Amino acid sequence: MTNDGKVLEVRNLRKTYSNGEQSTTALNDVSFSLGRGELLVIMGRSGSGKTTLLNLLGAMDKPDEGTVVLQGVSCDDFFTEPYATIYRREQIGFVFQQYNLLKDMTAQENIALPLVMQGISKKEIDERVMQTMQLLEIELYRNQRPTNMSGGQQQRVAIARAIITNPPVLLADEPTGNLDYATTISVMEAFIDVKIMREQSCIIATHDPKVATYADRLVILHDAKIISEHWKSDNELSIDFVLSQLKKVS
């Protein structure tokens, strides 16, 4: 972590996609920082650049311009292989709308997989997996396979798998998109538990105003740019407030 408490710094990111003679600007001069233990929510209508931003931060795509700095280290080299794979494996955790769990593995085995790939001893893996499952209150499902778990339970397993390597940053793309209202609240409470207990820094991209009410900071993207930022310390970040901000760009 840098001395000023910034885990992540994004500086002047630009990304344009070309299709023949046509081009689309997906991100245009986007800059922000993320503090340790901060939960940042990004909102904006479809095509505003949310997923593109997460793809760049996760080294699944390469920016045309700009810099990403993680814990004081520039990530410029991490946008090409084999560095991108190492960066994703060690520095970033991912949670998606689709849980992406391996159906033939139990919850415990799914969570352990990133540690197995790192060659960590079985004893340490078992200890870390159990600690993480207890944090997310899913230890009772450790021997269950995804097909026998609810959507909320599967997403908690996915969160556990994403944080098992203690990544500096957790990226979540529409993590409650497949969940009902009550389950959304349960999953967001899991994110808050991880934030508090592990000081996990997290960026969530979402369409759901309810998710935004859990944020420490809300960023609104529109036409590939950040047009506003709102802090919980300055605003209540109620659903009504969030909806009023989204209405401005609808």
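Predicted model: local features only at pLDDT ≥ 70, side-chain atom pairs only at ≥ 80, totals over all residues.
Trainee: Why is Arg14 called partly exposed?

Mentor: Its relative accessible area is 29%. Buried needs under 20%, and exposed needs over 50%.

Trainee: What makes Arg14 and Glu65 a salt bridge?

Mentor: The closest N and O atoms are 3.7 Å apart. The cut-off is within 4 Å, so the pair qualifies. Arg14 sits in strand β1 and Glu65 in strand β4, so the bridge ties together parts that are 51 residues apart in sequence.

Trainee: Why is Glu65 called partly exposed?

Mentor: Glu65 has a relative accessible area of 48%. Exposed requires over 50%, so Glu65 stays in the partly exposed class.

Trainee: How do you know that Glu199 forms a salt bridge with Arg36?

Mentor: Their closest N and O atoms are 3.5 Å apart. That is within 4 Å, so the bridge counts. Glu199 lies in the loop between α6 and β8, and Arg36 in the loop between β2 and β3, so the pair ties together parts 163 residues apart in sequence.

Trainee: What makes Arg217 and Glu38 a salt bridge?

Mentor: Here the closest N and O atoms are 2.8 Å apart. The limit is 4 Å, so this pair passes. The bridge links distant parts of the chain: Arg217 in strand β9 and Glu38 in the loop between β2 and β3, 179 residues apart.

Trainee: Are Arg217 and Glu38 buried or exposed?

Mentor: Both Arg217 and Glu38 are buried. By the cut-off, that puts each under 20% relative accessible area.

Trainee: How many salt bridges does the structure hold?

Mentor: It holds 13. Some join into a network: Lys6, Glu9 and Arg11 are linked that way.

Trainee: Why can such side chains pair?

Mentor: Side chains of opposite charge can do so when their charged atoms come close.

Trainee: Why is Gly119 called exposed?

Mentor: Gly119 reaches 63% relative accessibility. The threshold is over 50%, so Gly119 is exposed. Gly119 is found in the loop between α3 and α4.

Trainee: What separates the C-alpha atoms of Gly119 and Gln245?

Mentor: A distance of 47 Å. Along the chain, Gly119 and Gln245 are 126 residues apart.

Key:
Residues numbered from 1 in each chain as written. Heavy atoms only, no water. Salt bridge = Lys/Arg side-chain N within 4 Å of Asp/Glu carboxyl O. Helix = DSSP H or I, 4+ residues; strand = E, 2+ residues; numbered from the N terminus. Buried < 20%, exposed > 50% of the residue type's maximum accessible area, 1.4 Å probe, protein only.
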